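Here is my note on this model. Keep the structure open and check each point as you read.

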Amino acid sequence: MTKKLFLQAIGKFLLGVILVGLLIFLPAGTFAFFNGWLLMGLLFIPMFLAGFLMMVLAPGLLQSRLQAKEKQREQSLVVKLSGLMFLAGFIIAGLDFRFHWYALPRPLVLGAALLFLLAYLLYGEVLRENTWLSRTIEVQEGQTVVDTGLYAIVRHPMYSATLLLFLSMPLVLGSVYSFLIFLAYPFIIAKRIRGEEAFLEKELEGYRAYKQKVKYRLIPFIW
């Protein structure tokens with residue numbers, strides 16, 4: 001662990017807290033938005049704990065997770081579309097609360113919160129299994145194909161976890177209108193996966209054989 005890595009991680013974490021808070025509570029017009037605080041807690045408390053553990057046990061993995069600038073033009077577009085989805089989804093959720101458009105029932109919200117935590121656990125397991133994971137599409141020096149654990153079920157378990165995470169977010173916020181916006185995510189991530197697999201087939205030895213071994217990309221028996 002280095003001082004530079006620590007400051008970079010803390011800086012990005014605090015920036016994320018501020019930005020998400022502004023996007024949720026500013027449109028809501030109040031801090032008395034229980035669903036907003038619930039999502040903030042579910043999102044950032046585990047993130048802080050996971051970041052701390054990576055900083056101590058796997059600083060190289062943390063460094064790769066902090067790198068978010070895509071080099072490929074097509075994948076950069078995917079990242080921008082995802083950002084636009086979050087921007088619109090969070091703002092709509094806040095406005096939904098502010099103007100009382102339609103509030104999802106509390107049991108559904110709590111169920112979505114449990115689903116969110118389950119998805120976080122799956123995400124953590126993926127990070128444990130694959131220390132090569134990066135937020136950008138690249139092949140690192142010495143990287144090999146991971147084909148055990150969740151990777152023996154689907155080829156992109158990290159994206160499977162984020163699918164559950166992101167689709168549960170608007171439900172935690174109690175907004176069906178926000179959920180409709182977040183339904184764009186499966187299409188966005190499908191585009192990213194196709195581009196990523198084309199890249200890995202060319203650059204990562206053994207990936208073509210891995211594709212033959214594990215048939216499903218994101219959801220078992222579906223796709």
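1. Start with helix α9, residues 207-213. Y207 and Y210 both sit in this helix, three residues apart, so about one helical turn separates them. The model is predicted, so please read every value below as computed from that prediction. The ring centres of Y207 and Y210 are 5.6 Å apart. Their planes meet at 55°, so this is a tilted pair. An angle over 60 degrees would have made a pair edge-to-face. Both tyrosines are buried.

2. Stay with the end of the chain. F221 lies in the segment after α9. Its phi is near 70°. That is a positive value, and F221 is not a glycine. Is F221 buried or exposed? F221 has a relative accessible area of 72%. The cut-off for exposed is over 50%, so F221 counts as exposed.

3. A second residue deserves a look for its phi. H100 has a positive phi of about 55°, although H100 is not a glycine. Where is H100 found? Look in the loop between α4 (73-99) and α5 (106-129). H100 reaches 67% relative accessibility, so it counts as exposed.

4. Now the overall fold. How many helices and strands does the chain have? There are nine helices and zero strands. Read along the sequence, the pattern is α-α-α-α-α-α-α-α-α. The chain has 223 residues, and 42% of them count as buried. Take the contacts between residues at least 6 apart in sequence. Of these, 77% join residues at least 24 apart.

5. Next, the surface. The chain exposes about 12,500 Å². Carbon and sulfur atoms supply 69% of that area.

6. Back to the aromatic rings. The chain has 17 aromatic pairs. One of them is F25 with W37, whose ring centres are 4.6 Å apart. The planes of F25 and W37 stand at 40°, so this pair is tilted. The pair links distant parts of the chain. F25 belongs to helix α1 (residues 3-28), and W37 belongs to helix α2 (residues 34-57). Twelve residues separate F25 and W37.

7. F25 has a relative accessible area of 5%, so F25 is buried. W37 has a relative accessible area of 46%. Why is W37 called partly exposed? Buried means under 20% and exposed means over 50%. The 46% of W37 lies in between, so W37 is partly exposed.

8. Last, a serine. S168 lies in helix α6, residues 157-172. Its relative accessible area is 0%, so S168 is buried. What does the side chain of S168 reach? The side chain reaches the backbone oxygen of L165, at 2.8 Å. Now leave aside the neighbours of S168 within four places in sequence. S168 is then in contact with A112, L115 and F116.

Key. Residues numbered from 1 in each chain as written. Predicted model: local features only at pLDDT ≥ 70, side-chain atom pairs only at ≥ 80, totals over all residues. Heavy atoms only, no water. Helix = DSSP H or I, 4+ residues; strand = E, 2+ residues; numbered from the N terminus. Buried < 20%, exposed > 50% of the residue type's maximum accessible area, 1.4 Å probe, protein only. Contact = heavy atoms within 4.5 Å. Areas by Shrake-Rupley, 256 points an atom, 1.4 Å probe, with all protein chains shown as cover. Phe/Tyr/Trp six-rings, centres within 6.5 Å; stacked < 30°, edge-to-face > 60°. Polar contact = N/O pair within 3.5 Å; in protein donor to acceptor, adjacent residues only side chain to side chain.
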